[in-house]
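Good morning, everyone, and thank you for making time for this. I would like to walk you through one model, so please have a look at it before I go on.

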Amino acid sequence: MVEVQIRGRGVSDERVLAAMRKVPRHLFIPPELRRFAYGDEPLPIGEGQTISQPYIVAYMTAALELKGGERVLEVGTGSGYQTAVLAEIVPLVFTVEVIGPLFEGARLALEGLGYANVRFRLGDGTLGWEEEAPFDSIIVTAGAERVPERLPKQLAPNGRMIIPVGSGFQELVLIVREGKGFRKKKLLPVRFVPLVSSH
Ligand code: SAH
C-alpha cells in the first residue's frame, strides 16, 4: 500500500509514510470488508459514510506539513483511521464526529490500540472546537459546499487547513493563515461524503 499507492504517486514525507506503515487499517474497517483494507479504494464504514482511499489520507496529511509538535483538529472522525495516522505524528489530536455510532466505534478502536493522545467530541465540527483553539492544523474529511467560516479563524499564525470544497465533486483546498489574512490554493479533485451542518 505505502510503496505503490502512496510513495509511488509522489507523497514523500517520511513522517506520513511511517505513520501509514504503522497504523493497522484493517482494524478500522467492518469485519466483512477487511480483506479489502489495504486496497486502493475508499470503503463503507456504516451510517452511509466511508473511510477514504489510503492515498488521499496520506496526501491530505502531507499537505499539513506536520513537523511533529502540532495540535491538530480533525472534523469527521468516521472510522478513526485518519485520526490514528495523525496521532502517530503529533502529540495531540482533537477530533469531532456528528454521528453517534461512528463516534463510539472510533473511540473504541483508537483506545483499543492505545492512542492516549486523542480527544473526542460528538457534535457539529463545522463550529470547530473553540475552547481548544488555536490549532496548528485543521483537517476536514467531509465535503463542504463552502468553507465553514469558524474553522480558519481557529488556525494559529501560519497554521494550515485542508478541506474538500464543492458540491457533488470537490477540490481539496489548502488554506494557510498568513499575517492578517488567508492564502488559498486548490490542490486536487476529490469526492467525499457531505459535511453536514446544523447552523
Ligand atoms: N476521516 C474519516 C473519514 C470519515 S467520512 C476516516 O478516516 O474514516 C466523513 C465523516 O464526517 C463521517 O463520519 C461523517 O459523519 C462526518 N461528518 C459529516 N459532517 C460532520 C460535521 N458537521 N461534524 C463532524 N463530523 C461530520
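This is a predicted model: local features need pLDDT of at least 70, side-chain atom pairs count only at pLDDT 80 or more; totals for chains, interfaces and linings use all residues.

A polar side-chain atom of Thr141 lies 3.1 Å from a nitrogen atom of the ligand, a polar contact being a pair of N or O atoms within 3.5 Å, where within protein one must be able to donate a hydrogen and the other to accept it, and residues adjacent in sequence count only if both atoms are side-chain atoms. Taken alone, the ligand exposes 580 Å², and the protein buries 99% of that, with accessible areas from the Shrake-Rupley method and a 1.4 Å probe, and for residues only the protein chains shown counting as cover.

Residues are numbered from 1 along each chain as its sequence is written, and side-chain values use heavy atoms, with hydrogens and water left out.

Staying with the ligand, a polar side-chain atom of Ser79 lies 2.6 Å from one of the ligand's oxygen atoms, and a backbone N or O atom of Val98 lies 3.4 Å from a nitrogen atom of the ligand. Helices (H or I, at least four residues) and strands (E, at least two) are DSSP runs, numbered from the N terminus.

Let me move on to the loop between S2 and H3, which is the place of Ser52. Ser52 counts as buried because its relative accessibility is 17%, buried meaning under 20% relative accessible area, exposed over 50%, and partly exposed in between, with a 1.4 Å probe and protein chains only. Leaving aside neighbours within four places in sequence, Ser52 is in contact, that is, has heavy atoms within 4.5 Å, with Arg25, Glu41, Pro42, Val57 and Phe192.

Next comes helix H3 itself, where ten of ten residues are buried, and just after H3, Glu65 takes a positive phi of about 50°. Within H3 sits Ala58, buried at 0% relative accessibility, and apart from neighbours within four places in sequence it contacts Ile6, Val11, Val16 and Met20. Ala58 and Met20 are 38 residues apart in sequence, yet 7.2 Å apart in space, C-alpha to C-alpha. Thr61, also found in H3, has a relative accessible area of 1% and is buried, and its side chain makes a polar contact with the side chain of Gln82 at 2.9 Å.

Finally, in helix H2 (residues 14-22), Val16, Leu17, Ala19 and Met20 are buried. Seen down the axis of H2, these buried residues fall within an arc of 165°, so they line one face of the helix, the arc being that of the directions from the helix axis to the C-beta atoms. Their cover includes helix H1 (2-6), helix H3 (54-63) and helix H4 (81-89).
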